[in-house]
Amino acid sequence: MSDSDSSERRGRVGRSTLNPFDARAIEEAVRILEARGNQGEVVLVAAAAPSDLAAVREGLARGAHRALFLDDLSIDERDVSAVATTLAALISSEAPDLVLLCYWPGDIEGALLASAIGEILDMPVMTQARTLAVDDGGVTAQKQVEGGDLTQRASLPCVIDLAEAINKPRYPTMKGKIAAKSKPVALSEAAAIVSTSLEPRSRLLGISNAPKTRRREIFHTAAAGIPEILRLLDERELLQ
Amino acid sequence: MTALVPMNWLGVSFDEDSLAVLSKARELDDQTIAVVFCDPDASALDELSRYGAMMVAVLHSEGEDLPPARLQAIGIASLAEAEAAEIIMASTSSHNVEMMGALSVRLRAGILWGLTDIVRRDDALVGLRLVHNDTEVAEFAWRSGPKLAILRPRALSASEWPVTGPAIKRVPLEPDGVRHAEVVSRTSTEGGGQSLAAANVVVAGGRGLEKPENLKLVEQLAQMLGGAPAVSLPLVEAGWAPRAMQVGQTGTIVKPQVYIACGISGQIQHRIGIEGAGSVIAINSDASAPIMNFCDIGLVGDVKELLPQLIDAINQRIAP
């Protein structure tokens with residue numbers, strides 16, 4: 001899978017290293033447990049190609065306790081509904097208190113995935129959380145919205161999509177890496193846990209060149225572009 | 001055929017994007033239903049009608065000025081079934097995205113987002129989305145209906161339709177037993193952003209500046225051109241600058257004559273904020289950064305060296 005396909009699923013599939021967004025979600029889960037005296041466990045849930053197992057091991061090295069890994073070679077052909085259905089089936093088998101996901105800023109598919117998972121599991125959903133406070137009664141999260149900030153609260157269990165700003169993940173320790181090798185990873189297959197159809201509900205008809213909206217005069221020897229900038233500023237009467 | 005369009009009410013009018021989606025829906029389906037979440041007054045009704053609404057559905061729940069996304073999804077799902085809707089079209093807002101994700105589950109419907117247009121071809125609806133840094137356009141078809149679509153911000157412009165007296169339909173939302181998030185508080189971004197929105201020239205700095213003190217170069221250039229300095233989201237996150245200085249989808253949408261992006265990669269949420277700029281000049285060390293596909297003049301190089309050079313060159317030109 002390329003870095004960016006027609007669904008713009010960058011960073012979500014086909015990587016053998018943990019992507020920085022998942023690393024943040026794992027970091028946040030580990031921190032929440034640390035703040036509560038390490039009561040409970042962090043379980044990683046992945047639906048991915050077998051080559052992505054290395055990324056799951058890295059997540060375990062970062063402090064997660066165990067993982068559920070659904071071997072799905074077709075994952076990159078699944079649409080958001082199928083991915084949500086698959087992940088929700090894995091998640092519900094664990095009956096967790098908190099489901100954490102993390103995607104990059106402006107990732108609409110990521111936010112759709114979180115709200116679809118919440119709907120399937122009948123859990124409250126909060127997306128793009130920049131801060132998170134967990135107490136016995138529930139979770140309070142703050143996000144940036146158009147024109148301001150929004151603070152919301154939900155009772156447990158709930159689904160939370162984290163924003164990139166949520167934390168700066170710590171590097172895995174050598175001890176963590178060694179421990180990760182013996183942490184349990186339960187393998188399963190899609191057919192065994194999902195009974196409904198995972199057929200995509202939309203399909204790509206074709207791709208063609210987009211009309212050019214900007215001049216795109218690129219100067220690889222940057223200094224040569226400075227006179228061009230001056231000319232443009234001059235044209236717009238900004239050099240007076 | 002029937003189209004449903006959830007509308008974003010801004011207190012005095014509906015937001016431009018949702019009006020644009022509404023007028024597009026009317027182009028595709030003659031039965032266009034605007035979905036609102038509080039009682040519309042006469043001028044709101046007039047606005048909805050002017051942008052294509054044939055019917056206005058009022059979904060309201062007790063004590064909520066904006067019902068939670070999960071509740072909205074329940075109301076819209078039942079309306080879609082009652083009206084046999086062909087398509088549900090929404091503008092991109094963080095609230096709409098949450099609502100549409102839940103709706104796709106409720107209706108078992110295919111969902112396409114980031115669409116720049118929807119066209120009818122051989123009697124089937126086709127969604128268009130720009131991909132690969134906006135250099136290519138991908139066409140998608142929905143396989144199962146009703147079709148769900150989220151339109152990219154500012155992709156469409158609102159067109160007016162003859163005003164009719166739209167019928168009003170009320171759909172009460174029943175919150176019983178639905179677990180959803182509650183709003184604790186909502187704050188508006190403090191002023192500042194307005195002067196940015198109105199600026200004739202905007203010079204913005206991003207991660208490529210590397211150190212907070214290099215923001216001075218951005219400020220200096222902005223001042224020389226009679227413009228406003230700005231930053232990208234990561235610099236706000238890093239605490240280098242206040243939210244009021246942020247350009248982008250969740251910051252300020254700017255429309256200057258000239259926009260100069262200094263060390264900004266140009267992710268989609270940033271690009272949405274500058275789409276209306278007259279000319280875009282980009283300085284970035286990475287020739288493959290998305291901004292290089294969305295600029296008029298692009299300089300590939302170290303912004304920390306090039307900004308002083310540009311400032312010197314301008315100084316020489318404007319020196320008496």
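These questions and answers look at salt bridges in a predicted model.

Student: How many salt bridges does a search of the whole structure find?

Tutor: Side chains of opposite charge can pair when their charged atoms come close. The search covers all chains. Its total is 32 salt bridges.

Student: Is A:Glu58 buried or partly exposed?

Tutor: A:Glu58 meets A:Arg62 in a salt bridge, 3.3 Å from N to O. Buried means under 20% relative accessible area. A:Arg62 has 17%, so A:Arg62 is buried. A:Glu58 has 23% relative accessibility, so A:Glu58 counts as partly exposed.

Student: How many residues apart are B:Asp29 and B:Arg120?

Tutor: These two form a salt bridge, with the closest N and O atoms 3.1 Å apart. B:Asp29 lies in the loop between helix H1 and strand E2 of chain B, while B:Arg120 lies in strand E5. The pair links distant parts of the chain, 91 residues apart.

Student: What is the relative accessible area of B:Asp29?

Tutor: Buried means under 20%. Its partner B:Arg120 is partly exposed at 30%. B:Asp29 is buried, and its relative accessible area is 0%.

Student: Which residues are linked with A:Arg215 in a network of salt bridges?

Tutor: The network lies in chain A. Along with A:Arg215, the residues are A:Glu217, A:Glu228, A:Arg231 and A:Glu235.

Terms used:
Residues numbered from 1 in each chain as written. Chains lettered and ligands numbered in written order. Predicted model: local features only at pLDDT ≥ 70, side-chain atom pairs only at ≥ 80, totals over all residues. Heavy atoms only, no water. Salt bridge = Lys/Arg side-chain N within 4 Å of Asp/Glu carboxyl O. Buried < 20%, exposed > 50% of the residue type's maximum accessible area, 1.4 Å probe, protein only. Helix = DSSP H or I, 4+ residues; strand = E, 2+ residues; numbered from the N terminus.
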